[in-house]
Amino acid sequence: MKQAPVDAPPAAGRVRTAPTSSHRNDIQGLRAVAVLTVLLYHTGLGPSGGFIGVDVFFVLSGFLITGLLVREHDRTGRISLPTFWARRLRRLLPASALVLIVTCVVSRWYLPPARWESIGSDAVAASTYIVNWRLAASSVDYLAEGAAASPLQHYWSLSIEEQFYVVWPLLMSLVLLARTRKVAIAVIGLITAGSFALALATYSAQTYFTTQTRVWELAAGALCAVAMASRPAWQNGPERPRWTGLLSWAGLVLIFVCLFVVKPTTMWPGPLTAMVIAGTVLVLGFGDAPNSVKTVLALRPLTWIGDISYSLYLWHWPLVVFAERDGTLTPQEGWSIVGISVVLATATYYLVEQPTRKAKLLSRTRVGIATGLALVVIGAGTGQALTQAKSVDDPVNALGAAAPTQLQQSATALAPRPEEAAKDNGEIYQRDCPSNYANAAMQPCVFDYRTAGVGPRVLAVGDSKMGQWMPTLIQLARRHHWQLTSITKAGCAFSDTRRYQAPNVEYSNCVTWNDSVKQEALKEHPDLLITTQLEYYATVRNGVGLQGEENRQEMIRGLNVRLHEMQDAGIPTVTIAETPRMLRDMPECVSTHLKDLMACSRSRPFALRNSGMVKAASTATDTPVIDLNDKICAAERCPAVMGDMLMYRDDHHLTATYARTLTPYFEEQLGPALVRYKLRQTLLGTAPATVAPPSATQG
């Protein structure tokens, strides 16, 4: 778009402002720096802070879009929102829709079927530019830990930018009505400061992806654009003092220092993010001054990379994920991805980006918007189709634990199917009852099957390994008319032990939650309390992390304390032995080895090598323990499939479907355990437990 001449009269009611160039080669060079740092970081070839290139892109986007809006308002006295949105759709959607569709197709052909549903859902969210919120939700989801990266994960930054493009022109239309740019600067400054303060105050795994904690980076670029547009013309031209160019070099140095200082574990966004943003603003504000960074950034190789940077960003990440299907990238594979990404990006730039940007038909506002919306629908439809793809048939009669305990060699039908397994986690997760990592409050989940409010009350407490048994207990509660209450928390056992949540970061709110659960149990005094936990946590004592046998003894001690406390209060307690940990994600393994399921089994001694902690604590406190590992493992190996049922939803949590088939065996062991408390008749009635053929459906 041509800018108004410098000496053109200002629009009525507004002050004259200095023009800002709509195209600067140094900015294209800065785009190249940003995308190359991200590309080299993701391929394992660059410095530890390479991901900061995304933050540079945010500032660039805020700067360029705001400058465009300011120039349009100066020239015409208004901002045409439909025209702006049509240009954005025409500029961004063709390439992003192409990469999204190709990624879905290749995922269907190349990646394990267990990942299809998740990738398809990511595609739907990415095509509608809300995938950052989907990733924010999963970032604090304990059940999503260890999940393989999505080939569409990088669309999170594009989602934030598109959300910015929807709202920002509306805001600028209002603030530019003022006769002075001071109002715009003040408003944008408040947004920048407020968003940055929010990011610091609410820092968690979610803040990396959420719009409100990232918009300050785009607003910082916008602030720079408005400030430059408000300067006298000579301050934006070659007449500026030569020393101002040094400020752009200082900005570039700041960015490069952060590349090596920032680590993946650094608080982000955080204080060091402000250094990256400040450095980028300095480059943008003074990059076209005499003796500035334009002498380097405007070199043709860099500006060419800048030209294809959008497509390069789109293509590189799916290639990384596809290449990592069978393991970590080697340097040779990393360089191959760099080369292939450049080739694909170049082709997309010249065959898709440029033609659609220059097409006269698409330049019409209505046609541009309609085309963009059509691409959104096509992308979302492709993702939805991937979520519905089936890797295997549904079994006619899946027996699960009722099948003979043996190693099933192959499968053509499974319940649940591998692509459904991750969500096969039972009723408490469907109700969103478990407290997540950030939540110290209890979130009880009550299943009341008593008659007229009269009957035994059972309390199940612990971490997600307690949660995996809830489908079993719910069936028992329904059959024997209990009131069953679960109180669970991600990664937090019912124990006096303190543990790390991340390296050198204590899981402090687990202690708070534990105290609350203990007080709740003492107050309610249930007829029975049931608990279990993960076989291994990294514990800490007096601020020092423990390892090896010392760590194991600390875990035993912590559970001992809780079991003794329940005994002292006269609360009957039963524990459940830890279940196996498999070698890798079982749904993925099974979906790629349907004809050789042995490839997914694991030696029983190794699968259970870290277990026994619950049994040790139970023995020390004379607490009955239920051990169903003989119905989960064969004599020598632990399989991934039994009786046409997929047993795990990840590498160590049982599927709810399989857990339900363990119900009669659980009851069989619970009966004798209750005898010592004289509770067998109260909780299970007078009839002895019978091992009936279980149902594979949700009870």
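Is tryptophan 109 buried or exposed?

First, some ground rules. This is a predicted model, where local features need pLDDT of at least 70 and side-chain atom pairs count only at pLDDT 80 or more, while totals for chains, interfaces and linings use all residues. Residues are numbered from 1 along each chain as its sequence is written, and side-chain values use heavy atoms, leaving out hydrogens and water.

Let's look at the whole chain. Its C-alpha atoms fill a box of roughly 95 × 50 × 50 Å along the principal axes. The secondary structure comes to 27 helices and 14 strands; these are DSSP runs numbered from the N terminus, with helices being H or I of at least four residues and strands being E of at least two. Of the 699 residues, 55% count as buried. Buried means under 20% relative accessible area, exposed means over 50%, and partly exposed is in between, with a 1.4 Å probe and protein chains only.

Now back to our opening residue. Tryptophan 109 is exposed, because its relative accessible area is 70%. Together they form a tilted aromatic pair, 5.7 Å centre to centre with 35° between the planes. The rule is that rings of Phe, Tyr and Trp (its six-membered ring) pair if their centres lie within 6.5 Å; planes under 30 degrees apart are stacked, over 60 edge-to-face, and the rest tilted. That gives 15 aromatic pairs.

Here is another of them. Phenylalanine 57 and tyrosine 313 have ring centres 6.3 Å apart and planes at 65°, so this pair is edge-to-face. Since phenylalanine 57 sits in helix H2 and tyrosine 313 in helix H14, the pair ties together parts that are 256 residues apart in sequence. Phenylalanine 57 is buried at 12%, and tyrosine 313 is buried too, at 6%. Ring pairs also link Phe58, Trp156, Tyr208 and Phe209 into a cluster.

Next, the inside. In soluble globular proteins, nonpolar side chains tend to be buried together. A nonpolar core here is a set of buried Ala, Val, Leu, Ile, Met, Phe, Trp, Tyr and Cys residues joined through side-chain atoms within 4.5 Å. The largest core has 93 residues, and Ile52, Tyr155 and Met172 touch the most other members. Apart from it lies another core, of 58 residues, among them Cys445, Met586, Tyr665 and Leu684.

Which residues does methionine 172 contact, leaving aside its neighbours within four places in sequence? They are Thr66, Leu69, Val70, Ile79, Ile188 and Val226, where contact means heavy atoms within 4.5 Å.

You'll find it in helix H19, residues 470-480, and it is buried, with a relative accessible area of 0%. Setting aside neighbours within four places, alanine 477 is in contact with Tyr449, Trp482 and Leu484. Alanine 477 and leucine 684 are 207 residues apart in sequence, but 9.4 Å apart in space, C-alpha to C-alpha.

One last picture for you. Residues 24 or more positions apart account for 79% of the contacts in the chain with a separation of 6 or more.
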